[in-house]
Amino acid sequence: STANALILASVNTGFVVPFFNLMDNLDTSEIDVNLYGLNKLYASDQISNYYRHRYKLSLVVNHHVNMNDPKVQWFVSEFERQNGFLPSVSGYAMKGFDLSSFIGQAIQKLGKSFSDQRIQQETFKGLDSIFKFKKVNPSSGFENRGLFFIQYNDYSIVELNMFTPQN
């Protein structure tokens, strides 16, 4: 059978909570449903994890930490060893580490004065961020277009792939 794609284009709890309550009445043994939602649903505490996983909710998000990644585990361990406490999961420590690592790798690969054109050709996946820059217009700076495509599945969050639009 063909899966039905449902796109939840709202983060308004007055709509989202009743939507999931109605979905709970669906017989998913007869109807295959793929549910897609917006970035803000990632941090919403209004949606039960039961619903996220039952419908394998897929989201495009700009930050995601995979705690099973050995690089993340190394960072958390080193951070705790040096500071005496754990970093917040999507806090400034990981973001700062990712940005510093990106800049260091860009300088190493492209040289100290890398051009706008060359930086736009690079993609860097960090601990909780993906960097894929695009110059918005000639008189402005860059926009980061690197995103994660994730899915709630079997009570874990799976990275489906990196989402890096070309335009």
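Okay, housekeeping. What we have is a predicted model, where local features need pLDDT of at least 70, side-chain atom pairs count only at pLDDT 80 or more, and totals for chains, interfaces and linings use all residues. Residues are numbered from 1 along each chain as its sequence is written, and side-chain values use heavy atoms, with hydrogens and water left out.

Let's start with helix 3, residues 70-83. Helices here are DSSP runs of H or I with at least four residues, strands are runs of E with at least two, and both are numbered from the N terminus. Helix 3 has 14 residues and spans 20 Å from first C-alpha to last, close to the expected 20 Å at 1.5 Å a residue; that expectation is 1.5 Å times one less than the number of residues.

So which residues of helix 3 are buried? They are Val-72, Phe-75, Val-76 and Phe-79. These four sit on the same side of helix 3, because they cover an arc of only 95° around the axis. The arc is taken from the directions from the helix axis to the C-beta atoms. Buried, by the way, means under 20% relative accessible area, exposed is over 50%, and partly exposed is in between, with a 1.4 Å probe and protein chains only. Over on the other side of helix 3, Pro-70, Arg-81 and Gln-82 are exposed. Part of the cover for the buried residues comes from helix 4.

Helix 4, then. It has 19 residues and reaches 26 Å between its end C-alpha atoms, close to the 27 Å expected. Met-94, Asp-98, Ser-101, Phe-102, Ala-106 and Leu-110 are its buried residues. Looking down the axis of helix 4, these fall within an arc of 130°, so they line one face. They pack against helix 3 and helix 5 (116-119), plus strands 4, 5 and 6. Tyr-92, Ser-100 and Gln-108 are exposed on the other side of helix 4.

One more stop in helix 4: Ile-107. This residue is partly exposed, at 36% relative accessible area.

Last, where is Val-11? Val-11 sits in the loop between strand 1 (4-8) and helix 1 (13-23). Beyond its neighbours within four places in sequence, Val-11 is in contact (heavy atoms within 4.5 Å) with Val-16, Leu-38, Lys-40 and Leu-41. The C-alpha atoms of Val-11 and Ser-44 are 8.3 Å apart, although 33 residues separate them along the chain.
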